[in-house]
Amino acid sequence: QEFFVVPAAAYKQRPDLINCGRTLIGRLPPRNQQADLNYFGPIPNRVDELLKRVQAKMLSVGSPMAVRHNEVAPGQHEMSPIFCVANASADSNVLFMEICNQEA
């Protein structure tokens, strides 16, 4: 699962995020964005704390995570439950999204 971590104050100013839970209003990325700086850079402390809480909660319900890292865009991150049979993987992904929303 790839996702963006958005500060609460910025979230509350976005009617698309509030009403749909998705980005409908956007803009082009800045020119000369150095993608490798985001992908290989350290995870910000606040975000890392969130991801660790989510990872611990997923483990406590029996769904360990295989991946936790930055993605290319600023504020974009990825966490993935360990792959298993299709129906259990789908359940883990839905559970992951719910836990992320609760913890954030």
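Five bridges join β2 to β3, two strands that run antiparallel, with helices (H or I, at least four residues) and strands (E, at least two) taken as DSSP runs numbered from the N terminus. This is a predicted model, in which local features need pLDDT of at least 70 and side-chain atom pairs count only at pLDDT 80 or more, while totals for chains, interfaces and linings use all residues. Residues are numbered from 1 along each chain as its sequence is written, and side-chain values use heavy atoms, with hydrogens and water left out.

**Sheet and helix**

- The open sheet has three strands in the order β1-β3-β2, with antiparallel pairing, where two strands pair if DSSP finds at least two bridges between them.
- Because β1 (2-4) and β2 stand at the edges with a single partner strand each, one side of each is left without a neighbour in the sheet.
- N70 has H77 in β3 as its bridge partner.
- Helix α4 (residues 45-60) lies across β1, β2 and β3 and runs at about 170° to β2; axes are lines fitted to C-alpha atoms, for helices over the stretch in contact, and angles run from 0 to 180 degrees between N-to-C directions.

**Salt bridges**

- The count comes to five salt bridges, each defined as a side-chain nitrogen of Lys or Arg within 4 Å of a carboxyl oxygen of Asp or Glu.
- D48, K52 and R68 are linked in a network of salt bridges, in which the closest N and O atoms of D48 and K52 are 3.3 Å apart.
- D48 and K52 both lie in helix α4, four residues apart, which is about one turn of the helix.
- R68 forms a salt bridge with D48, with the closest N and O atoms 2.5 Å apart, and this pair links distant parts of the chain, R68 being in strand β2 and D48 in helix α4, 20 residues apart.
- D48 is buried at a relative accessible area of 17%, whereas R68 is partly exposed at 29% and K52 is partly exposed at 46%; buried means under 20% relative accessible area, exposed over 50%, and partly exposed in between (1.4 Å probe, protein chains only).
- D16 forms a salt bridge with R14, the closest N and O atoms being 2.8 Å apart; D16 is buried at 4%, while R14 is partly exposed at 25%.

**The loop at G75**

- G75 is found in the loop between β2 (65-70) and β3 (76-81), and counts as partly exposed at 29% relative accessibility.
- Leaving aside neighbours within four places in sequence, G75 is in contact with F3, F4 and V5, contact meaning heavy atoms within 4.5 Å.
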